[in-house]
Amino acid sequence: MANNFLTGREYLRRKKLREKKKLISVALGFPDLIFAAGGIPVFPIRLESFKLNTFLTALNSATSVLGWSLTSKFLDFARQFDILKIVDKILEDVITSINQKYNQMYDLGIQNGVSSDLCYGIYALYGMHKERKQIDANLNFAMRCGEWNKISESFKSIVPNQIWIDIPPNNLKNSNERLALMVTNVNKAIDELEEITGNVVSDNSLNKQFRIGNQVKRFYNTILYEISSSNFYPCNPATFAEILALLTITFQDYNSNAQRFLENMSHLVKEMRERIRKGIGMDVSTMPKLLFSPMYSGWEPEIHEIIYKLGGRILYADWEILGLLEEIPVSKDNDPIEIYSQFLLDASTKGIGCDRENLTNSYLNAAKKLNVDGLIFNQVYGCPSISNIYDNLKKRIESELKLPAIGIKFKKIGENIDQIENRLKPFMQDLRKAE
């Protein structure tokens, strides 16, 4: 999975030039319609060139000589003996490489005159689109963040084909009217996707993608609820957090290959369970489990290392909090466009596009379901749409769930790490005393 993400540039170039596929940028975990239209969804940072871990470089070389099938068999053989203590180092290098590139995209956004006082995520996404001209279209979902909606409008000068899916406001009293509007908006986007890709979106192509997506979500939830609730992890908690970080990033476009991503998720869950069964990993029974969110709009990746050193473990679960891991019902009796429209509306009442109260409720529900011991809230500079719920969220999580909560401020990766650590130390000391 890490290899697929970091080598995406060559994969996407091959798809575009050799197979004449259309590359359509997307974010926030909504690649389904693009796959159904025969396009290639791409979270645009994957068009960049990344520094590869030494082992991944060797893996690419082996794959080019032996083919992926033989290389995969060798890796399966090596895993039986746990010969190569590579997981920790690979993931650390992968997350470092990704975040270095994020910072470059952030700087590019600032250099190109994006208005000041916006959040890290907006700067970075603008930089990603500004840097790359290979993108054929951009699929946007009108969401809670008004600033992002405004910036997306400016992409027209970079990517002329802008496909918008407006989500009707929650204050419409007639739910049937709201669903009908949503269906109209989804159909309009499908028409535009068909025109760009030259393919027809059928009920079969939609249902096929929904089935794949549902299986991906089941594996994702298995990691969040089964593996993370275990008193024994298949790796140390910092590495486990890095896996969750990688999932958060790659879920946005399924690494541009839905079937391959599903197979990677299946292998990941199987390997985690096997390591736990064999006692390969780490006892975490005495380590408080902390939900950290939001991270998708920018976060300091040193957080999970800091918490690990302080005796805790971090969970990243943004897509669960925002309702994007809910399955899309598939049935021969259902209209897939209507079902997908309802999925979007349901997600909009939990996070993407919802009001403060509902968003706060989503955090509380996730904290209860994940059975965490506390919350670290990421207050992203320049983000009025989510950061402004922290005060109310802190009060409610402390009064209703009897859990401690703390907010940390974030502006750019690598800034103020010492201050963050100094703020978290007494929080963790108090938490561990209470355990």
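By class, the second largest pocket is lined by six nonpolar, seven polar and three charged residues. (Nonpolar here is Ala, Val, Leu, Ile, Met, Phe, Trp, Tyr, Cys and Pro; charged is Asp, Glu, Lys and Arg; the others, Gly among them, are polar.) Before you click on, note that this is a predicted model, where local features need pLDDT of at least 70 and side-chain atom pairs count only at pLDDT 80 or more, while totals for chains, interfaces and linings use all residues. Residues are numbered from 1 along each chain as its sequence is written, and side-chain values use heavy atoms, with hydrogens and water left out.

**Stop 1**

Which element gives the largest share of the lining? That is α10, with four residues. Helices (H or I, at least four residues) and strands (E, at least two) are DSSP runs, numbered from the N terminus.

**Stop 1: along α10**

Stay on helix α10 and pick Ser205. Ser205 is buried, at 18% relative accessible area; buried means under 20%, exposed over 50% and partly exposed in between, with a 1.4 Å probe and protein chains only.

**Stop 2: the aromatics**

Select Phe35, Tyr220, Phe251, Tyr254, Phe261, Tyr296 and Trp319, and you have one aromatic cluster. The structure holds 14 aromatic pairs. Rings of Phe, Tyr and Trp (its six-membered ring) pair if their centres lie within 6.5 Å; planes under 30 degrees apart are stacked, over 60 edge-to-face and the rest tilted.

Zoom in on Tyr220 and Phe251. Their ring centres are 5.6 Å apart and their planes sit at 85°, so this pair is edge-to-face. Tyr220 is in helix α10 and Phe251 in the loop between α11 (237–250) and α12, 31 residues apart, so the pair links distant parts of the chain. Buried or exposed, what is Tyr220? Buried, at 2% relative accessible area, and Phe251 is buried too, at 1%.

**Stop 3: charges over rings**

Go to Tyr11 and show Arg260, which lies over the ring face at 4.6 Å from the ring centre. Then jump to Tyr381, where the charged end of Lys411 sits over the ring, 4.6 Å from its centre. To count, NZ of Lys or CZ of Arg must be within 6 Å of the ring centre and within 35 degrees of the ring normal.

While you're there, select Lys409 in strand β10 (residues 405–410). Lys409 is exposed, with a relative accessible area of 64%. Its C-alpha atom is 6.0 Å from that of Val380, 29 residues away along the chain.

**Stop 4: two polar contacts**

Pick Arg275 in helix α12, buried at 18% relative accessible area. A polar atom of its side chain lies 2.8 Å from the backbone oxygen of Pro234. A polar contact is a pair of N or O atoms within 3.5 Å; within protein, one must be able to donate a hydrogen and the other to accept it, and residues adjacent in sequence count only if both atoms are side-chain atoms.

Next is Asn236, in the loop between β5 (232–233) and α11. Asn236 is buried at 16%, and its side chain reaches the backbone nitrogen of Thr239 at 2.9 Å.

**Stop 6**

Most residues other than glycine have a negative phi, and most peptide bonds are trans. Select Lys20, in the loop between α2 and β1 (23–25): its phi is positive, about 60°. Lys20 is exposed, at 63% relative accessible area. Asn255, in the loop between α11 and α12, has a positive phi of about 50° but is buried, at 1%.

Finish at Ser293 and Pro294, which are joined by a cis peptide bond with omega about -10°. Pro294 is in the loop between β7 (289–293) and α13 (302–309).
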